[in-house]
Amino acid sequence: MNLTINVNSTAHDIDVEADMPLLWVLRDVLGMTGTKFGCGAALCGACTVHLDGIAIRSCVMPVGNIADRAITTIEAIGSTPQGRAVQRAWLELEVVQCGYCQSGQIMAAAALLAKRPLPDDQDIDAAMSGNVCRCGTYQRIRSAIHHAAGLGRR
Amino acid sequence: MKSLAILGRREFLKDAVTIGSGLVLSVAIPPAIRPSLADSAAFHAFAPNAFIRIDPEGMVTLMMPMAEMGQGVHTALAMLLAEELEVSLEQVKLEQAPSDDSLYANPILHVQSTGASTSIRAFWTPLRQAGAVARRLLLTAAASRWGVAPDSCLAKRGVVIHISSSRQLRYGELVHAAAVLPVPPLESVPLKHPSQFTLVGTSARRLDTPDKVVGRAQFGIDMKLPQMAIAAVAISPAFGGRLKSLNEEAALAVRGVRQMVRLVNAVAAVADDTWAAKKALAAAAIEWDDGPNGQVSSEQIIRQLEEASAHPGAVARHDGDPERAMMSAVRVVEAVYQLPFLAHAAMEPMNCTVHMHKDSCDIWVGTQVPTLTQVQVAELTGLPKSAVRVHNQYLGGGFGRRLEPDGNLLAARIAQHVDGPVKVIWSREEDIQHDMYRPCYLDRISAALDARGIPVAWKHRLCGSSVYSRYHPNLIKNGVDPDAVAGAAQPPYDLPNIHVEFVRVEPPGIPTSLWRGVGPTHNTFVVESFIDELAHTVKRDPVEYRKSLLIHNPRALGVLMLAAKKADWGRTLPERWGRGVALQFAYGSFAAQVVEAQVGVDGRVRVHRIVCAIDCGMVVNPDTIAAQMEGGALFGLTAALYGEITLKKGRVMESNFNDYRPMRMNEAPIVETHIVQSSEPPGGVGEVATATVSPAVANAVFAATGKRIRRLPIKALDLSR
């Protein structure tokens, strides 16, 4: 079916099945590969994007259900204050190893900071435990979220 | 750079070669690195392998022989080169080297393979030599232009300076002159003394991070090519099974599906996009013939191991007279340990993009083994090796999974039926159910103690799959797989009477392979758990007991005492909390770890803190070492607590992150790393903490509960009060 979706403030006209998950629309139809496929079942968070600022798993979100809500991906999260702070903190604390899960981690962290500008460790656990990292960068992610929160206050 | 790859070795030895307007310096590297102690990978000879290209702008390109999978090797190798070349890291650009073992083989592994924690050990000398020779040529070119003696000049940050006159020339201005100079013999170009290092030894920023935080880094799965199809794949669920039937009509009715490819043991749905391909596979209602392994189960494999463990194996080590010492002992302690199959579950599911042309083939993939891929695809297609081009990408985790080219070969088989490029993507379920697994093992171990409680005899029989018999058959000596016994044949302790043997037992149909930490993930668990058992048997403190067996091993003692001190060993903990220690020599590095764990009344194990001490010789990038200790510890801890692949009816029961459970943020401990200052040759770090953490946590659980973990994962034992 013909749909129009709004990705990173740009309208895209697409012709896809309504049940196609947003992840594959982004990656295969629009060629935006920053959002990653990890499990296909909302178990790992690698595919996290924002829908009207809320972190969602794009691998289980049928594109037909999105309507006119604003989709934000890793490619554009740096234009939000939280996204910018998170990316900077990730660099300053050298969070990343293989990097495959980090698009999703950054999207989840940016959504957290938008909701809670000064999260405590429990807030971080609650917001981030759905995002799997097999390289084991969790402690740096935690520190970087606190660091990004500090950057946001300055 | 293809033209470089086809130049023969002799041409490289003769001269520096100018290609285009840039200077190409190629260096033949002598066999300068020898892993200092008994490492499993044997060491033969070097091929020339280090390339630098400097353009007239002064930009240095390093042809990167190794794959980046998160371990930081791209940055660390660039640091080695930049240090001796006297350029800043910002002046170095990386280009993934083409697949060519004659030029880019890992000097320890002899193929272009990134694994076994070897990259720094392998390239520590060659890349510094490559940089030093290049610097010498640029300096000579500048001196000759000024008509001064080369030793009156120095090089710094990409500039040659004549000291007394302060005249300066940038490297870019010197490339043409340097290109025609003869390359000096390597031995005539001294390397810096480590005390002169300004970059090596610092926590330089990683080169790959900026692209990775904005979603720009290109992983294998991110390939995009004109007209590219995307394929989803289903492999026979039972290992060794075959395709029986499928409803092709129904599959082709799915919108966007281009074709169905039938292979002997797999089906691929080739489509415009991943979603259509997945739907077509589901619609195809594939039926399989389970084949000869259709009844294989975990219970059967464990029974097979138990039976095999009654028989002697190939002798990996025999010192002294353990039998006699056993007879004179005051006390004999025996134990049986058992470890499960493990999957890798890298975050980037297996994938590979292949374009079969009429007389050549292009492959885009993130792989630890580009040249092995090249060889196997050449064999499959009948193409000459040089016509198979492997374009390596970033790896979304390797952990040993991408040391196997099976997925690349499968993609090539599919691509043989497809007109144009095709990207084959495995689902997470396929990724877990068609992994090549860390073998399961069963070990029988015993020790005889004298009146002081000291082990006067040590006997260890390991039973399990031999990965090297398939992967590195030339390294099997007298039936002993050096990887299978790594960490068991040479425990760090004084054990004058020791017998270690290996019984090879292959599980029917189950593919086994290398996994982060390889042999030591198994053997360090057994040896360090058992040493702990001995200490408790004779009522001695586990750290003090180990210390008493390390009189002749000062580096091992050093890391043990450092970890104990930093972890507040001996300080009282709350009830049902415990500390466990483990010690190891592997991958050329000494490491000790103390785990602090809490066992809930419900039996759940929560690890709060892991303290790592590592002596990996000279350090290239301390922050990368810390990152590897953090990541390695969590990878091993995840497996120790939860990791187990089980089999029923010849197929793997686990399928995704719900039942093959990764550690998550809310469960993750803090990992602290303490690095020993050392002038010893570098050791590996990528796998160290993975191997030490499983005994350390098991020993901590014992300290907390009095229950001994002899079988992993820990979740299998009831630890509730």
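First, the ground rules. This is a predicted model, so local features need pLDDT of at least 70 and side-chain atom pairs count only at pLDDT 80 or more, while totals for chains, interfaces and linings use all residues. Residues are numbered from 1 along each chain as its sequence is written, and chains are lettered from A and ligands numbered from 1 in the order in which they are written.

Chain A, then. It splits into domain 1, residues 2-72, and domain 2, residues 77-153. Those bounds come from an automatic or database domain assignment. Over C-alpha atoms, the centres of the two domains of chain A are 21 Å apart. Domain 1 puts 15 residues into the contact, and domain 2 puts in twelve. Contact here means that the C-beta atoms of two residues, placed from the backbone, lie within 7 Å.

Which elements give two or more residues to the domain 1 side? Strand E3 (48-51) and strand E4 (54-57) of chain A. E3(A) has the largest share, three residues. Helices (H or I, at least four residues) and strands (E, at least two) are DSSP runs, numbered from the N terminus. By class, that side has six nonpolar, eight polar and one charged residues. Nonpolar covers Ala, Val, Leu, Ile, Met, Phe, Trp, Tyr, Cys and Pro; charged is Asp, Glu, Lys and Arg; the others, Gly among them, are polar.

Next, the two chains. 44 residues of chain A touch 49 residues of chain B. On the chain A side, helices H1 (22-29), H2 (81-92), H3 (102-115), H4 (121-128) and H5 (138-153) each supply at least two residues. That side holds 23 nonpolar, 15 polar and six charged residues.

Now the helix pairs. Two packed helices are described by the angle between their axes and the distance between the axes. Axes are lines fitted to C-alpha atoms, for helices over the stretch in contact, and angles run from 0 to 180 degrees between N-to-C directions.

Take H2(A) and H3(A). Their axes come within 9 Å and cross at roughly 130°. That makes H2(A) oblique to H3(A). Angles under 35 degrees count as roughly parallel, over 145 as roughly antiparallel, 65 to 115 as roughly perpendicular, and the rest as oblique. Among the residues that meet are Trp90(A) of H2(A) and Leu113(A) of H3(A). The contact has eight nonpolar, three polar and no charged residues.

H3(A) also packs on H4(A), at about 135° with the axes 10 Å apart. This pair is therefore oblique. Ala108(A), Ala109(A) and Leu112(A) of H3(A) meet Asp123(A), Ala127(A) and Met128(A) of H4(A). Five of these contact residues are nonpolar, none polar and one charged.

Last stop, chain B. An open sheet of seven strands runs E11-E12-E9-E19-E16-E17-E18, with mixed pairing. Strands pair if DSSP finds at least two bridges between them. E11 (257-262) and E18 (388-392) of chain B stand at the edges with a single partner strand each, so one side of each has no neighbour in the sheet.

E11(B) runs antiparallel to E12(B), residues 266-271, and five bridges join them. There, Gln259(B) stands opposite Val270(B). Finally, helix H12 (370-381) of chain B lies across E17 (361-365) and E18 of chain B, at about 150° to E18(B).
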